[in-house]
Amino acid sequence: MKRIKKDYPTFNLFSIVGTWESVNLNPTVIIYRNDNDYLLSIIYASETTKQASPATYEIQKEGSLYFIAPAPKRVYIDYDPVKDVLNLSSLGDYLRN
């Protein structure tokens with residue numbers, strides 16, 4: 001079942017700060033605040049070398065939607081506070097670690 005924005009109540013970025021693990025075995029995500037900006041780091045792990053390498057993006061807002069903008073497209077961020085589930089549009093659902 002595809003979820004749409006109206007399924008989620010409005011949330012503030014402070015409520016999603018923390019470490020999130022994918023339910024689909026996608027890379028781990030860390031959300032944190034740096035001065036007045038909120039940043040999202042995706043931790044990629046090489047299967048051959050077992051080394052982790054982060055990619056960090058500023059969380060941006062357009063209207064009521066939050067997103068990060070890695071090339072070539074936006075990744076939208078949704079949060080369900082009742083279930084404490086973070087959703088990244090192209091990576092799926094994440095649970096708080």
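This briefing walks through the aromatic rings, charged pairs and nonpolar core of the structure above.

The model is predicted, so local features need pLDDT of at least 70, side-chain atom pairs count only at pLDDT 80 or more, and totals for chains, interfaces and linings use all residues. Residues are numbered from 1 along each chain as its sequence is written, and side-chain values use heavy atoms, with hydrogens and water left out. Strands, mentioned throughout, are DSSP runs of E with at least two residues, numbered from the N terminus.

**Aromatic rings**

- A pair of aromatic rings is described by the distance of the centres and the angle of the planes.
- Rings of Phe, Tyr and Trp (its six-membered ring) pair if their centres lie within 6.5 Å; planes under 30 degrees apart count as stacked, over 60 as edge-to-face and the rest as tilted.
- By this rule there are four aromatic pairs.
- One of them joins F11 and Y66: the ring centres are 5.1 Å apart and the planes stand at 50 degrees, so the pair is tilted.
- F11 sits in the segment before β1 (18-22) and Y66 in strand β6 (residues 65-68), so this pair ties together parts that are 55 residues apart in sequence.
- Both F11 and Y66 are buried (under 20% relative accessible area; exposed is over 50% and partly exposed is in between, with a 1.4 Å probe and protein chains only).
- F11 also pairs with Y79, with centres 5.8 Å apart and planes at 70 degrees, so this pair is edge-to-face.
- Y79 belongs to strand β7 (residues 75-80) and F11 to the segment before β1, so the two tie together parts that are 68 residues apart in sequence.
- Y79 is buried, as is F11.
- Through ring pairs, F11, W20, Y66 and Y79 are linked into a cluster.

**Charged side chains**

- Side chains of opposite charge can pair when their charged atoms come close.
- The whole structure contains two salt bridges (a side-chain nitrogen of Lys or Arg within 4 Å of a carboxyl oxygen of Asp or Glu).
- E62 forms a salt bridge with R74, and their closest N and O atoms are 2.9 Å apart.
- This pair links distant parts of the chain, with E62 in strand β5 (residues 60-62) and R74 in the loop between β6 and β7, twelve residues apart.
- E62 is partly exposed at 43% relative accessibility, and R74 is partly exposed with a relative accessible area of 32%.
- R74 also lies over the face of F67, at 4.0 Å from the ring centre (the rule asks for NZ of Lys or CZ of Arg within 6 Å of the ring centre and within 35 degrees of the ring normal).
- D84 forms a salt bridge with R96, where the closest N and O atoms are 2.9 Å apart.
- D84 is in the loop between β7 and β8 (85-88) and R96 in strand β9 (residues 92-96), so the pair ties together parts that are twelve residues apart in sequence.

**Nonpolar core**

- A nonpolar core is a set of buried Ala, Val, Leu, Ile, Met, Phe, Trp, Tyr and Cys residues joined through side-chain atoms within 4.5 Å.
- The largest one has 19 residues, and those with the most contacts inside it are I16, L40, I59, I77, L86 and L88.
- At least two residues of this core come from each of β2, β3 (37-45), β6, β7 and β8.
- Neighbours within four places in sequence aside, I59 is in contact (heavy atoms within 4.5 Å) with residues including L13, I31, Y66, F67 and I77.

How values were computed:
Helices (H or I, at least four residues) and strands (E, at least two) are DSSP runs, numbered from the N terminus.
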